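Me: I have a structure here that I'd like to talk through with you. Can we start with how the chains touch?

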Amino acid sequence: MSKTKYDAIIIGAGSVGVPLAMSLAERGLKALVLDKEASPGQGQNKCAIGGIRATHSDGSKIKAGLRSIEIFSTWKRKHGDDIGWIRGGYLFPVYTENDERVLKELLRVQKGFGLDIDWISPERVKELVPGIAEKDLRGGTYSPGDGSASPLLSVNAFYRRAVKLGAEFRFRETVTGIIVQGGAAAGVRTTGGEYWARFVVNAAGADAAAVSSLAGVEVPVNPDCHEAGVTEPAERFFDPMVVDIRPGEKSKNYYFYQNHEGPVIFCLTPQPPVWGHDRRSTSDFLPEVSRRMVSLFPALANLKVRRTWRGLYPMTPDGFPVVDFPETLKGYVLAVGMCGQGFMLGPGLGEALAAHMAGAAGEDDKAILAGFGLGRSFSGQEKLK
Amino acid sequence: MDRITEHPVLQPEERRTVNFTFDGRSCEAFEGEMISSALYANGIKVFSRHKKDGAPQGVFCANGQCAQCSVIADGLPVKSCVTPVRGGMRVETMSGAPRLPSAAPVRGFGGAEELEVDALVVGGGPSGLAAAAELGKLNVKTLVIDDKHALGGKLLLQTHKFFGSVEDCYAGTRGIDIAAKLEEQLKEYPSVEVWTGATCLAVFSDRKVGVLRGSRYVLVRPKAFISATGAREKSLSFPGNTLPGVYGAGAFQTLVNRDMVRPAKKLFIVGGGNVGLIAAYHALQAGIQVAGLIEAQAECGGYKVHKDKIRRLGVPIYTRHTIVRADGREGVESVTIAGVDERFRVQPGTEKTFKADTLLVAVGLNPVNEFHAQALEAGLEAFICGDAEEIAEASAAMFSGKITAHKVLKALGVMAAPVPQFWFDRLEVLKSRPGATEPEPELELPNKVYPVLHCRQEIPCNPCVTVCPKKSIKLSGDSIMTTPRFSGDCIGCYKCLIVCPGLAVTIVDYRKDPANPTVALPFEIGRGLVKKGDRVRLAGREGADLGEAEVLDVKDFKAENTMIVVVKAAPAVADKAVSIRLYEEEAGKKAAADLAKADDETIICRCERVSLGEIRRQIRAGVRDLNQLKAVTRAGMGACGSKTCSALLLGVFRSEGIDPAEVTELTRRPLFVEAPLGVFSGARGAGEKEEEVRWSGF
């Protein structure tokens, strides 16, 4: 196998690894991306439903989110290919006093970061989602700048650009070892050979913990699963991503939106969480999500469900990612624990990480990584997972 | 109205009619018939316009599996082939993505019902019904589900008599009659419950099976899961392959033999296997002209008796030919074929164009085995039988159902005895491909009356041997595969003639006139077509013209739905005549085909209308993962769930010189067919009646 030394080897050609490779290539750095699957985005990326928001609850994620939105929203104009971006906004309709209090408290934080988000009246909620259940509707929060794009089209668009700019990809290769020389990560051993680089980036998504153990660095990432589905397409009948944060019988929140091709895509968070790597569909999902979605938005009852799937959320104890250059192993980079937000955070994080790796990190790049250190206590809790 | 009112085998029922409208035009339908058939009966073949390019779309699978036949019915997008017409229904062309219908207010949720059974049989066709009967005999709590409204699977579409052996699988009986017998037999077993109109949607990881029963969602928990799900037809890629009027033989038989509409005036068929050959015969029985049948191989793969039967009636068969393109604006108007060499390459200059309004694609079957895979993955005791396991004749499917049931019994601990070895041996024989064709035997015919057995190819079949009251017909070897021979006495009782599925037995009779024998010929094309006193042309076994003859009598054996035409023949042709020739062959017009835009006119994924050209470009750009191909082109992302295109896609890779082993297969996910979101939680509408209306036609 070639002795070429890369600037970076990225383990995982998914939501995080592919845009990172693109950003490195844009900076003239040579990246090799390795993935055990056969093509980009075949892990959890294709399970993502496509929501993209900046309306998180902390500075690092908000900044990364804004950066991502900039990339998604300008992609077609800059590069020509349609990735399905729609600026439909995020809507959290509120039906209980407690949810109103929690979201209004959060609003203060979000507005503090200058985010375009506000409390809207029940009437405005009904305008945004005509036919939404009116009983007990108190209003909601709405962030018109957020949106959605197709994970499938996006990851392939990023991939094509990365390749065009010189990044290399090797698929169907499983990483079997991380080579450490002189106390620093120096390369990667796979089922296909050995590769050498200045940086070894773990962007292995749901497999992040296992991959990291190859480097002797423990990361607190454990996947739990969420189930999702897509309906037949319909003429556009609402724009925002609708997030219902009330608890259900067997679930926490769920959310859905109508994507650029017209189908409604939906996703449910099971309660209690289901830990592990199992991605087979369960019989609980459709009855639960059907009852909740139809209660909230009865018109959806008629829409035919086309396909369902189950994807993994690589969770960390506090709900925030780990994006860091751990001190215990030089040359080793973590871009893991996205907690189900790899698709929406990936491009923004990619840009920031690439800047760091190029030794050209600006204030914003530093601020993005600031909240995601491996050394943090993991004792806080993300309010808007 | 394009309805079949006269049929040699099927009797149209008296049915109540209702009125509905299509795009404002007033139409008439039979109450309860599927919208698609009602539209065809009213001469309407374009049901929707594709959102990508406005292409006309109509019936394709007629089986609830794709969504090509979607229409808007009373405001809801529905698959017209599985949605019954109601009086006053407002049916409209679906143009692009449908508008979301305003919902009836939801009054409550019934939730998903749950049910525990010992054995769940998915599919009420020959193998599933045979399996269920065996389970019923030992009082095993069994549930059979079938997505259609009547049991029998594809048997319901088969008006011809079946091959095989009489004792094992009802040989000599028509498919539709076998279906009735199997259904009747199940009634003897109270432990067997049957749900028609019930579709399996998925086998989940928690070993529950999601079943859509009408408008209710039921989670079934079986101890054993039996896939008797049959097969689906393979598709073909050629320019014009998605024009309305191009569809599979199964869809054709559904329209003609189940719903008795006449979907075509002139038909062309691709594929010389049993399915294509039988479809040609069914078309002729329905009064539809067959302009020709092509087969890419040097010889038709189907039974010779089937092939000879349509040759005799005047259907030209072109072996070593392929379809070059289908043309037309809103549907098929003409079909162009061409000769191929031994590597299946088109021979330029051999193109011929035929006028035809329908093109049947009958190029083989693929097993429907995805539930079996899901059940295995879920860790269920999973079994598979019939075509879902291995494509063969219905006779073999019934036998494999029986054998599978015994494996199930063993797994459930109900019966310890092993399945007898001779059952497996018998199954192998029934699954046999046709064997050698034997030369003409020397006829030693001292008798004044005798049967001529025009059956020269080894196939698993023996009804003539079974029915002969004089035991004068015997197989020429030990196996049921061997051909039958006549020696001994004949009383001219016609039993062998009537029972023969191949219509390959005639009775020659010199008893009345030693100089001018009569020949009794089997005849299953329209009643009234041939009358006493007519002059008809006789056809030899493979269709050779044997000259004119006078019809002396037409006997109608109503119980068997078979007619016998007795003609006066010259002794020289008496032993050779097998049938009456009905049509003159039509020669195609020589024409060079325009293939300049062939790659763009050939659709690989019909749901999302992804062309061959688009697929080729991706392959040439390096794509080797069907999942990536799907992500970037949408091929396989549509309503049918890649049921039609997944095999075609691999074919494109092959045509680009890429070994399919290098290509990563599509990941299959539930659901098997689309179903409204509301059914999964048992969402109830304003009233019970309203609910039925709303949820019909998933």
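Reply: The contact draws 44 residues from chain B and 39 residues from chain A, where two residues are in contact if their C-beta atoms, placed from the backbone, lie within 7 Å. This is a predicted model, in which local features need pLDDT of at least 70 and side-chain atom pairs count only at pLDDT 80 or more, while totals for chains, interfaces and linings use all residues. Residues are numbered from 1 along each chain as its sequence is written, and chains are lettered from A and ligands numbered from 1 in the order in which they are written.

Me: What does strand 39 of chain B run antiparallel to?

Reply: Strand 39 of chain B runs antiparallel to strand 16 of chain A, and 2 bridges join them; two strands pair if DSSP finds at least two bridges between them. Pro676(B) is the bridge partner of Lys304(A).

Me: What order do the strands of the open sheet have?

Reply: The order of its 9 strands is 5(A)-6(A)-4(A)-13(A)-14(A)-15(A)-12(A)-16(A)-39(B), with mixed pairing. At the edges are strand 5 (118–120) of chain A and strand 39 (675–676) of chain B, each pairing on one side only.

Me: Switching topic: at what angle do helix 1 and helix 8 of chain A pack?

Reply: Helix 1 (residues 17–26) and helix 8 (residues 342–357) of chain A pack at about 40 degrees, with their axes 8 Å apart. Axes are lines fitted to C-alpha atoms, for helices over the stretch in contact, and angles run from 0 to 180 degrees between N-to-C directions. Helix 1 and helix 8 of chain A are therefore oblique to each other, since angles under 35 degrees count as roughly parallel, over 145 as roughly antiparallel, 65 to 115 as roughly perpendicular and the rest as oblique.

Me: Which residues meet there?

Reply: Among them, Leu20(A) and Leu24(A) are in helix 1 of chain A, and Leu353(A) and Met357(A) are in helix 8 of chain A. The residues of this contact divide into 8 nonpolar, 3 polar and 1 charged.

Conventions
Helices (H or I, at least four residues) and strands (E, at least two) are DSSP runs, numbered from the N terminus. Ala, Val, Leu, Ile, Met, Phe, Trp, Tyr, Cys and Pro count as nonpolar, Asp, Glu, Lys and Arg as charged, and the others, Gly among them, as polar.
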